[in-house]
Each structure stands twice: as C-alpha cells, then as structure tokens.
Amino acid sequence: MKISLSKPTYAVLIPSKGRPDQLMKTLEKQSFLNRWNTFIGIQNDQREMYQEVMRCFDQVTWISFDNPTASGCVARESLRKVATGIGFRRYVPTDDNARYTEESLENLIRASVVYPTQPCIVSGFHGTAPHFDSAKIKKAKEYGGLHFYEKWGAIFWTIPHSIYSRMSYPIDGGRMDDRFVSFAALRQGCSTWVVCMEAPFNKPTQQKGGYSAAGRTRMMGQSIVALARDYPEFMEKIVISFPWMRIIAKAKGGK
Amino acid sequence: MDKTTACVLIPSAGRPFILHETLMQQPFLNLRSTLVGIQRDQWATYEQVRKDFARITYIQYDNPGGSTVVAREHLRRAAVAIGFKRYVCADDNTYYTEQSLHNLVKASLSFKKPVVVGGMQGSMKMDAKPSRFDEAYVKKSGFTKNGFRFYRKIGMMFWCFPHELYSKACYLPEIWFTSMKAPSIAHAGCMEDHTIALALLKTGFTNFVVCMDAPFMKKRFQPGGSGNLIQRATKIGLAWMRLGGQHPDFMAHVRMVWPYAKFYKIAKQRKRDEDIPF
C-alpha cells in the first residue's frame, strides 16, 4: 500500500517550558520539524525567553497560552485544541527533547494508517525497547512492510483524529497527560496499542526544565486524583510500588 | 507481659461488622490497652461493638475526609499521651493470634536500640514460612535474637513501634492539627503506614525488621475502610500529593504500575456490552 505524505495529513505537537536551549538543539537536529504542521506550545510568561528559537524556526506554528500552575495537561490541551480545530488525520504528541529522524516520523504515521485494526494508537520504538521488549519483539508481525508488536507506549506516538478530537486534558490533570489520552481512547473502545519498530526514537531522561520536572510528585498526586475522578473504572486497578530498599539506601546516604 | 507495656491501635471506619468479627475472633483484644479509633459521625453505628467489647478504650475524632492518616494521628496522640513502651499498629481486618501479638511485642523488647518490628504477613499459623518473595530477604538478612527469628524488611499493617520513635514521628505535621481547619486535613488521603515509615526514614532511622514468629493475615478490598475502590484511588492521589511535598527525595523513587492488560479487558468488555442489541 502506498500512502502519499506529500501534503501533511498529520501534526506534530510539542510543548516546551523553561528550556529554549533544549528546544533549539532539538529543532537544529531535526530541521524537518520547521514547517507549519509542527505546533509548539509556549507559556505566555516565557515567550520572551523563547524569542530566539521562534525567530530561527519561523515556519513552525507557535502557540502561546496561560499556564499559571505549570501543568503539562494545560500545555497539551492548548496544543490539542488548536490542532484538532484545524483538523488533521493524525496527531503526534511528543516532547521538546525527543529525538527521531524524518523517516522515523513518516514511518510512524504510515504505520498508523496501514495497521489492520482501526482505530489504533501507534508508538515509536524507544532506544531501550530491544532490551526491555525482547519477548514481544519475537512475536512482532509485519503489515505494509512495517513491523509491529503489541504494547502501550507514549512520548513519540500517533493518535487518530477520531480519538484525539473527542477527548480533552483536564486543567487540573497535573503532569500525567499521556494517561488521560490512554484512558480516553480506551473508553472510546480503542484497545489496539502497538509499537512500530521502524519508527525509532530516543529521549534523554532527567534533563532540567520541561513539564515533567515541575513539582514532579505533587503533580503526579494531582494527576492521580483527577484520573480517579475522570476514569474510575481504570484507576481502581492501579498499583503503587515503593522500592523500600532504594528509599532506605537514600535515607542512609542522607544521614 | 505487663498489660501496660504495649497497646494495640486500631482505627475503623464504615464497617462495624468487620471490626466486630475481628474482635470476636480475637477476644484477647478486649482490653483497656486496645485503643480503637472511631469517627465522631460514625460513633452510633459502632454502638453494638462498643457494648460487646466494653473493656476497649474507644477514641472519638472528627475526620470529615475519612483520611486514614488523620485517624492514625488521633490514635497516636491519645496512646502516646497515656504512655506505653510499645505501640502495635494494626487494622480492623488484621488477623493474628494472642501468641503472635505477644511475640511481636517481646521481639521488639529484645532490642536495646529502637527497632520497628513488623509481623510476617501470609498466615496465622505460628510455624508459617515466609512468602516466596520474602525468602530472598531471609537468605540475605535473616538472624535470630532472644529466640525470635528476624529478617530486615519494612513490615506494615501489623507492626510494633518503641515509644522513643512513635512519640516523635507524626502522621501529620503539628501545623496541620493546630492551625489548619478540617478541609485541609480532609485532603490528607491514605497510605498511613507509608507516611510513618517515610517520616522515620527522614530522621535517618532505618532499622526495620520482620519477625517470623509473629505471623498475621489481612483481607484485602473489604467494604468500608478507605471507601470503595474509586474513593481509595482518589485518596492515594491525595496521599501522593502530600507525601510528594513532605518527602520529595524519597517519593521520586516511587512508581505506579499501570496494568494495561487489565485496562484492555475492561475496554473490550465495555465495547461488547455496548454492541449488544436491545
């Protein structure tokens, strides 16, 4: 099956906060993102900080919004609203420090179209996946020249319009924005989640700035409360894991 | 053992019938040194329990959010004010024998330095073996002291604290109790055992052990207590927010497990239900 990607049928959605240098680096390395169907969300109070990036990558559609609580959900919702309002077939929510090639991005979109079960949510193939997903990779199946295995994934993923336009991130949702999409999709009956091995990506962890760093545990608690309110049928199944040995080691080290 | 040496602290909410059953099965708890905590707005629903187990010391408190942390803090304050050498924290649906309770306290008293001693979960039999998961802890850190067998691990739900620790470590900071009104306390959520463990760890205390000669059992997901499963999830979120503020360094290590296979099952079942023609 051949799918034309000459006209953008998808949008890439990237929120960024407190790290214009990081975003600059990402856009320099991934210059193919400098086009109108890339939507980058910046908080109004940080526009000045991002001026240089905005100037250098002026083909990008820059979205600004108020976000006094520095919530990842507010940032994602601002981007989602604008992009679904324009109307694309697919949306790729990703991060300002996620690394992928143009080919990988196009494969991700193609994968979302060729996968036989629709609607489906397709994630990219994380750099650590060959190790952690080795058992699932053995069971991978090929469709349209791409290889898939069943697994939930986020960070660099594609969501069809039918799902993304019918959900919203709550303003009090904290930082677990990916879970709100997941549960919304599941509630809409979409339980097909696959990883496409031809859409590799990487993401450095523990970088400064960004939404995931902003009051991490407080925001996670806020997310749990909002998720329990909005998606009780799923949240009743969650389990919390306290790695006590590591916490004790931390306590000993902190004496 | 001197009856004033140790006390047993049990909060209960929304399930007098379960507490009644527990006390029927464990009549040795019908003592003044057993402190049972009941919310003021549920005092009447526990009347039969209070009548049938009249020797127990019942503590009343306001707890508008049904927070287990608030309940535990009220009980802790009441017990510490009386003053015991050891405090055994248990739940209203925790099952153990009198021998197991005695062993737990004696095991704790056998240490000169302060140690938090947990019971061993899984069985009420005195010759119970550790769970498969805990076998590794026994191999790595098992030891015997004064005839009791221990391994190093934080054991919750049925555990014993020495006065020098329990009188200092709080479930909620003083300021929550003295200067904040009920709505703030109502947002304390649950995870009270984790709260006290983290509070102790923050002081640098790390001496937690499990005594293999103090076995116990606990039923899960019973009605009442922290509420239904949704209320429970909400309270976990509230607790996470609170603990995130109090112990950001420790909480950074904590992870949530998202069982997607179960989620898919729910979604597929929902779809099947919707597809059934009327």
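Predicted model: local features only at pLDDT ≥ 70, side-chain atom pairs only at ≥ 80, totals over all residues.
View 1. Most residues other than glycine have a negative phi. B:Asn146 has 9 C-beta neighbours inside 10 Å and therefore counts as exposed, since the limit for that class is 12 or fewer. With 16 C-beta neighbours inside 10 Å, B:Met157 counts as partly exposed.

View 2. Most peptide bonds are trans. A:Pro119 belongs to the loop between helix 4 and strand 5 of chain A.

**View 3. The open sheet of chain A, built from nine strands.** The strands follow the order 3-2-1-4-8-5-9-7-6, and their pairing is mixed. Strand 3 (61-65) and strand 6 (141-143) of chain A stand at the edges, and because each has a single partner strand, one side of each is left without a neighbour in the sheet. On average, neighbouring strands of this sheet are turned by 30° against each other, with direction ignored. Strand 7 (residues 146-150) and strand 9 (residues 193-201) of chain A pair in the antiparallel sense over three bridges, and A:Tyr149 has A:Val195 of strand 9 as its bridge partner.

**View 4. Helix 3 and helix 4 of chain A against the strands of the sheet.** Helix 3 (residues 72-86) of chain A lies across strand 1 (10-15), strand 2 (38-43), strand 3 and strand 4 (90-93) of chain A, running at about 155° to strand 1. Helix 4 (residues 102-114) of chain A packs on the sheet, where the strands that it touches include strand 5 (121-126) and strand 8 (157-160) of chain A, and its direction makes about 155° with that of strand 9 of chain A.

**View 5. The buried face of helix 1 (residues 20-29) of chain A.** The buried residues of this helix are A:Pro20, A:Gln22, A:Leu23, A:Thr26 and A:Leu27. Seen down the axis of helix 1 of chain A, these residues fall within an arc of 160°, so they line one face of the helix. An α-helix has 3.6 residues a turn, so residues three or four places apart point the same way. Helix 2 (51-56) of chain A is included in what covers the buried residues of helix 1 of chain A.

**View 6. The contact between chain A and chain B.** Chain B contributes 37 residues to this contact and chain A contributes 34 residues. Among the elements of chain B that each supply at least two residues to the side touching chain A are helix 9 (192-202), helix 10 (229-246) and helix 12 (260-275), and helix 10 of chain B gives the most, with 11 residues. By class, that side of chain B has 23 nonpolar, eight polar and six charged residues. Strand 10 (residues 239-241) of chain A is joined to strand 11 of chain B by three bridges, and these two strands run antiparallel. A:Ile240 has B:Met256, in strand 11 of chain B, as its bridge partner.

Note on methods. Residues numbered from 1 in each chain as written. Chains lettered and ligands numbered in written order. Contact = placed C-beta atoms within 7 Å. Helix = DSSP H or I, 4+ residues; strand = E, 2+ residues; numbered from the N terminus. Nonpolar A, V, L, I, M, F, W, Y, C, P; charged D, E, K, R; others polar. Pairing = 2+ DSSP bridges. Buried ≥ 20, exposed ≤ 12 C-beta atoms within 10 Å, placed from the backbone. Arc of directions from axis to C-beta. Axes fitted to C-alpha atoms, helices over the stretch in contact; angles between N-to-C directions.
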